[in-house]
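Here are my notes on the model, as numbered points. Please read them alongside the coordinates.

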Amino acid sequence: MDASKTYFRFVILLFNCMITFGTYFCFDMPSVLQEVLQGNVTCINATTYSNRSDCVEGLGLTPDQYNLLYAIYAWTNASVVIAAGFLIDKLGNQVGLFLFSGLCLIGSSAFAGGAMLKGTKAMFPIMLIGRLIFGSGNGSLSILQERITAYWFKDKELAFAFGITLTFSRLGSILNFFLTKSIEDKVGLTWVLWGGAFLCALGVASAIVTSILDIYGVRQLGQESNVKEISKKLSFSDIRNFNSSFWLVVMTIMFFYNGVFPFVADASKFIRDKYGYKEDSPLPGYLAGAVYDVSLVLCAFLGALIDIIGMRGLLALFCSVATVPVFGLLAFTHVHPLVCTLWLGFTYSFAVASLWPSIPLVVTQATVGTAMGFASFFQMIGVGICNKVIGAILGNKNTPLPHDELMKRWKYVMIFLFANTLCCVVTAILLNLSDKRKGCILNQNRREGREGMALLMPSVATDDGSGNSPLAMNEAKPLLRSPDLSRPKELK
């Protein structure tokens, strides 16, 4: 295979996408299985009518324990992603691929193993440890995935490639929402969790293939020595070069995800409680998964569009403003939940396609992993705090609450998510103001971006479509600006 050809980078993209398919499937399995996880340990005194029981048998987790499964994932993720990003930049992709895909496999296996200890004191701690290990691997694996994508698609189909990556990941999430509950009804909780662990094992196999292709491609392009030299020179103090646009992108990501991820984690339970769906109905899970259904369809298309038109900062502002009404509708109206989940999926797709691909544009190529680590750190810290706050609002006891009291608590949850979205609007406004002062790096279109790069790196402007010139760029160079300047001189 010729690494300079277009098809080669898309082959890498395919296997790179498959790395996180299984991990995203596993991540939201607790959301779909929430009723079972919080169900009664035994149903000895259950009443049966019309071949249905009024008792859901499960693991007996409290709402607080259930939300802790998400919080521990987020906090562990946040604790390791900065160091993981720097480690990847320093030691290379191959070390990270084996290490972090392996941690995901171990973590998902421990979670499934813990569920087998139902009714024992060891059950919840082992499940929690499993989520902890899983969190330490999955967030770092996503950073590595983004770094590989940024290297092979810089000055090319960057946002489109990010969109394809997310599409594959969200395909795992969507299949989880559609299939997991039905499979659990047939084979039981333990076996469905082990099925998720098997998908993580397929991710390890994809990581091995991606590693081989990445090594082969870099060597064939004659970039191996250059990449190693840049990695040796990399210092953690290089974060001082991260400018205000980068930090505002990070804050915008954090506040936006503070609304999306905690909502999806509890959405099936919320929809079931508010709209009166039966305990054994899979429909609430399908409705909650609509957020990811939309992103599956739109992300790649939006990525390709943004590669052409730019406007990343303005689109980030648009999606944050457009998300504000969603939580207001969920808190104060009885509009059908599908309207809100589809709406949220639409704005989420714009956020992903515009925000994450912005990070490689405002940092040097050599520090992309570290930058992604910081972004994931703040994202997961925020999500973890939100999960814990929501758990506290809903209560830490498994005893049923009166319907009016339960609805009041859910209303407080939606208001809390609404407040986070308003903060996202503020940071998105500040991001656009900062970007304007720096020459509209994020909002410039493809033509303007290439003209700006041509002023600094004439070799990029001579791209003949083979992929040689972008990949031959020094890793110390940024995509759209000099590391020593806020913007190209001609754009000031």
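1. Phenylalanine 346 has a relative accessibility of 34% and so counts as partly exposed; the class lies between buried, under 20% relative accessible area, and exposed, over 50% (1.4 Å probe, protein chains only). Phenylalanine 350, at 11%, counts as buried. Helices here are DSSP runs of H or I with at least four residues, strands are E runs of at least two, and both are numbered from the N terminus.

2. This is a predicted model, in which local features need pLDDT of at least 70 and side-chain atom pairs count only at pLDDT 80 or more, while totals for chains, interfaces and linings use all residues. Residues are numbered from 1 along each chain as its sequence is written, and side-chain values use heavy atoms, with hydrogens and water left out.

3. The structure holds 27 aromatic pairs. Rings of Phe, Tyr and Trp (its six-membered ring) pair if their centres lie within 6.5 Å; planes under 30 degrees apart are stacked, over 60 edge-to-face, and the rest tilted. The rings of phenylalanine 346 and phenylalanine 350 are edge-to-face because their planes stand at 65 degrees, with the centres 5.0 Å apart.

4. Phenylalanine 377 and phenylalanine 378 form another edge-to-face pair, 5.0 Å centre to centre with 85 degrees between the planes. Phenylalanine 377 is partly exposed at 23%, and phenylalanine 378 is partly exposed at 23%. One aromatic cluster includes Phe27, Tyr66, Tyr348 and Trp356.

5. Which residues touch the most other members of the largest nonpolar core? They are Phe263, Tyr348 and Met414, in a core of 129 residues. Such a core is a set of buried Ala, Val, Leu, Ile, Met, Phe, Trp, Tyr and Cys residues joined through side-chain atoms within 4.5 Å. Helix H11 gives the most to this core, with 17 residues. Leaving out residues up to four places away in sequence, phenylalanine 263 touches Phe270, Phe327, Leu330, Thr341, Leu344, Met414 and Leu417; contact means heavy atoms within 4.5 Å.

6. The model has five cavities of 30 Å³ or more. A cavity is a set of points on a 1 Å grid, over the protein atoms alone, where a 1.4 Å probe fits but cannot get out; lining residues have an atom within 4 Å of a point. The largest cavity holds about 340 Å³, the volume being the space filled by probe spheres set on the points, which are joined across faces, edges and corners. It is lined by 22 residues, and Tyr24, Ser142, Glu146, Leu166 and Trp356 are the closest to its centre.

7. The lining of the largest cavity has 11 nonpolar, nine polar and two charged residues. Among the helices that each supply at least two lining residues are H2 (21–27), H7 (123–153) and H14 (337–355).

8. Methionine 311 sits in the loop between helix H12 (283–309) and helix H13 (312–332) and is partly exposed at 34%. Methionine 311 touches Leu442, Asn443 and Gln444, not counting residues up to four places away in sequence. The C-alpha atoms of methionine 311 and cysteine 440 are separated by 8.8 Å, although the residues are 129 apart along the chain.

9. Overall, the protein has 20 helices and two strands, and 59% of its 492 residues are buried.

How values were computed: 1 Å grid on protein atoms, 1.4 Å probe; cavity = no way out; pocket = protein on both sides within 12 Å on 5 of 7 lines; lining within 4 Å. Nonpolar A, V, L, I, M, F, W, Y, C, P; charged D, E, K, R; others polar.
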